[in-house]
Amino acid sequence: MSRQKRIFVSQLPSVLNPTAPPSTSSPRHARAEWTVVLLLTMLALLLPTHNSTTDAWYYAACVRHGHELLLPHHLLYNAVGWLWTQLLPASVDALAALKAMNALAFGGCLLVLRSLLRSVGGPAAPVAGWLLVAGSSFGMLRFATENETYILPLLLSLLASRSWWRGISGQGGADSWVAAGAWAAGAALLHQIHAFWGLGLLLGIVLSSGQKGRRRAAGLYMLPALLVPAAYVAALPTWDLPFTPTAFWRFVFYELYQGHAGAAPSGHTLLLTGISLLRTWVQLHGTTLALLLRWPALAAVALLCTGLMLYAGWSWWKSKREAAPQPVVPAAAGSVAEAGKLFFRTHLLILLLQLACALWAAGNAEFMVMLPPLLVLLLAPYRWPARPVAVAGAALLLWNLTFGLLPAHLLRIINTAPLLARISRGPAAYWLLADPNLVLNQLHYLTGRPAGPRSVLPAPALLARKQGQSPEQFREWLQERLAAGQPVYTDALDGPQLLDRARLTQGGDEAQRHLLQGFQLARTDSFPTSFGPVYLTEIR
């Protein structure tokens, strides 16, 4: 055994028996894997959401008009999106193009995950089933069909893990460590949350045995990390910031200094984290119950998915009773075997780091998109029967298509077009909106003007909770607007009662009405959605 291979033989107690070299699965297995990859990628391409988020509109506006292409929290995402749109005809809508980019990146994630599963899972691993489980998770499908910043960095982190595996298993030379570090650095530049994935891979090298070789591998891995501070320094002039350590530090951690990241642990954040963790796998939202109430026949789909999950669990339990799950290659030896142990420990650490960061971010579901691929990589080395894995994946896909992708693609859950027209016709009026940033970002996308009208403000309950404000100051401000003859409208009353994160964190109609006591409320318009009208109410 060469010294390059020996340095990664772990001396830690075994948690997991060794894995086998990359499998040479049968053509039938390969066809099944490719079928899953192509099916899921085509679904993402054909079913983009038509109810895009606030952030999705903002990134699309920046790309479409060349504004703020370098943002601190995800420095290169808009820049990559802009380059992507330059390759397409000018007639292609920027928002649609960026959704397609993420759908293709999702397909890339599945291809790299397939390669990793074959490497660490061994020849008997049900790779197609695990691909279906991870790829059908709502966390991955949701962002594969939206213009958000989470799929592209995931692709690069998976590529980093693949190169890292080649390094620890002795299948690659020094170039494997440099490649792993470069992919990890690129992932962090696309979204800072992936710095934890890169840190986990570095700790995996540090925790390996063989001090001399470990230091060399760690040095090669960290070398491309110099690109990260260099890129942030190069971006400072685009924000009119000086080349000083203070400016650099505050730019890198802009979201933290602005109060947009982090939350003190509490029962509330634990609740939100639990909900987000569940929704990373299955779509459970206020729209789910609304869909069942509007189309009761969907209950049959829900029962079918539940039945499939129960069958998968029963089938797995039955197999376990007959022969308990064991590693694919018992009692194997050598550098590849020890590399499998280290791969497991390292990626378990990465999963825990990412989950801790999501908890710190008040249970941010966006920070959990990497959990499904990480989890299947941890489970793959065990001897799992193929049938329950595939059935569980099919149940996830059917549920998330029925209650996630298809409603987002086919239904009008968000209808702001009439409101945008009203705002353009009434420049003297004030608009206290349930989601003012969505409207402002859509105006930015449509007009190319980054600064929207100052008259678009948050709903009363949110406006009164802004720093330096109080309910009394809000009512005083409202009276001044009305006394000056300036109409004030809100869309935050009596609309569809969908229980979502915004309602949990901001309050419902009762919070708005409490602030508006003593004022007359008159409905002046309504905007139809698939779950009932959104009402425009004038405050008098």
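Which residue is the bridge partner of Leu 433 in S2? In this predicted model, where local features need pLDDT of at least 70, side-chain atom pairs count only at pLDDT 80 or more and totals for chains, interfaces and linings use all residues, that partner is Pro 458. Residues are numbered from 1 along each chain as its sequence is written, and side-chain values use heavy atoms, with hydrogens and water left out.

Strand S1 spans residues 430-433; helices (H or I, at least four residues) and strands (E, at least two) are DSSP runs, numbered from the N terminus. S1 pairs in the parallel sense with strand S2 (residues 456-458) over 3 bridges, pairing being assigned if DSSP finds at least two bridges between two strands. S1 also runs parallel to strand S3 (residues 488-490), to which 3 bridges join it. In S3, Tyr 489 stands opposite Trp 431. Both faces of S1 are covered, with Tyr 430 and Leu 432 buried on one side and Trp 431 and Leu 433 buried on the other (buried: under 20% relative accessible area, 1.4 Å probe, protein chains only).

Helix H22 (residues 436-447) forms a right-handed β-α-β unit with S1 and S2; with the strands pointing away from the viewer, the path from the first strand over the helix to the second then runs clockwise.

Elsewhere, helix H8 (residues 151-168) packs against helix H9 (residues 174-190) at an angle of about 165°, the axes lying 8 Å apart (axes are lines fitted to C-alpha atoms over the stretch in contact, and angles run from 0 to 180 degrees between N-to-C directions). H8 is therefore roughly antiparallel to H9, a term for angles over 145 degrees. Residues in contact (heavy atoms within 4.5 Å) include Leu 156 and Trp 164 of H8 and Trp 177 and Trp 183 of H9.

Notes:
Buried < 20%, exposed > 50% of the residue type's maximum accessible area, 1.4 Å probe, protein only. Parallel < 35°, antiparallel > 145°, perpendicular 65-115°, else oblique.
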